[in-house]
Amino acid sequence: MNEQVAKLLNEQINKELYSAYLYLDIANYYDELDLDGYANYYMIQAQEERDHALLFLKYMQINGLKVTLEAIGKPDKTYASVLDPLEVAAEHERYVTALINNIYHEAHQARDYRTMKFLDWFVDEQMEEEENADSMISRYKLFGQDPKGLYLLDQEYAARVYTAPSLVL
Ligand code: FEO
């Protein structure tokens with residue numbers, strides 16, 4: 001496999017694990033506010049990010065590529081309102097989309113159609129992740145500033161359950 005593509009795939013394991021760490025930090029912030037539904041939502045988000053990391057890891061293993069695990073960065077955002085983490089999450093997902101697009105671009109340049117096909121799932125996933133993150137912001141702005149509205153949103157997010165990724169390698 002093309003060296004640059006392999007390097008980016010390896011880096012993406014770390015980026016996805018950092019995403020999981022960021023969402024654990026956000027879940028922890030909401031837990032401190034007793035917004036258990038929002039906390040639940042981001043705990044599940046963190047599980048999904050771990051799944052993403054494992055998919056990249058497995059893909060590299062299947063293709064006989066050397067995996068190097070690097071240190072995961074400390075989540076260093078500070079939050080001062082219910083809205084803050086939602087905005088950080090949306091911005092982070094756009095960053096992850098850019099990373100996926102970049103790997104896709106390199107794979108395309110290298111005529112690595114297998115990796116492009118693998119990444120297709122992530123391209124779709126990022127569209128969904130961005131849409132969900134944006135929707136959490138707009139719903140908070142519409143309903144969340146009223147205590148009853150915030151309570152109902154929190155109840156709704158409490159109902160989110162984990163589902164394994166639809167991509168199986
Ligand atoms: Fe793994 Fe939220 O992107």
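**View 1. Phenylalanine 122 is a buried residue in this predicted model, with a relative accessible area of 0%.** Its ring partner here is phenylalanine 56: the two ring centres sit 4.5 Å apart and the planes meet at 40 degrees, so the pair counts as tilted. Follow the chain and you will see that this pair ties distant parts together, as phenylalanine 56 belongs to helix H2 (residues 36-62) and phenylalanine 122 to helix H4, 66 residues apart. Phenylalanine 56 is buried too, with a relative accessible area of 0%.

**View 2. Helix H4 (residues 113-144) meets helix H5 (residues 147-158).** The two axes come within 8 Å and cross at roughly 145 degrees. On the H4 side, look for Met136, Arg139, Tyr140, Phe143 and Gly144; facing them from H5 are Gly149, Leu150, Leu153, Glu156 and Tyr157. By type, the residues of this contact are six nonpolar, two polar and two charged.

**View 3. Tyrosine 30 and tyrosine 38 make a tilted aromatic pair.** This is a pair from a structure in which 13 aromatic pairs are found. Here the distance is 4.9 Å centre to centre, with 35 degrees between the planes. Is tyrosine 30 buried or exposed? Tyrosine 30 is buried, because its relative accessible area is 0%, where buried means under 20%. Tyrosine 38 is likewise buried, at 0% relative accessibility.

**View 4. Eight tyrosines gather in one aromatic cluster: Tyr23, Tyr29, Tyr30, Tyr38, Tyr41, Tyr42, Tyr79 and Tyr157.** Tyrosine 41 also has a charged neighbour, arginine 160, which lies over the face of the ring at 4.2 Å from its centre.

Methods: Residues numbered from 1 in each chain as written. Predicted model: local features only at pLDDT ≥ 70, side-chain atom pairs only at ≥ 80, totals over all residues. Heavy atoms only, no water. Axes fitted to C-alpha atoms, helices over the stretch in contact; angles between N-to-C directions. Helix = DSSP H or I, 4+ residues; strand = E, 2+ residues; numbered from the N terminus. Contact = heavy atoms within 4.5 Å. Nonpolar A, V, L, I, M, F, W, Y, C, P; charged D, E, K, R; others polar. Phe/Tyr/Trp six-rings, centres within 6.5 Å; stacked < 30°, edge-to-face > 60°. Buried < 20%, exposed > 50% of the residue type's maximum accessible area, 1.4 Å probe, protein only. Lys NZ or Arg CZ within 6 Å of the ring centre and 35° of its normal.
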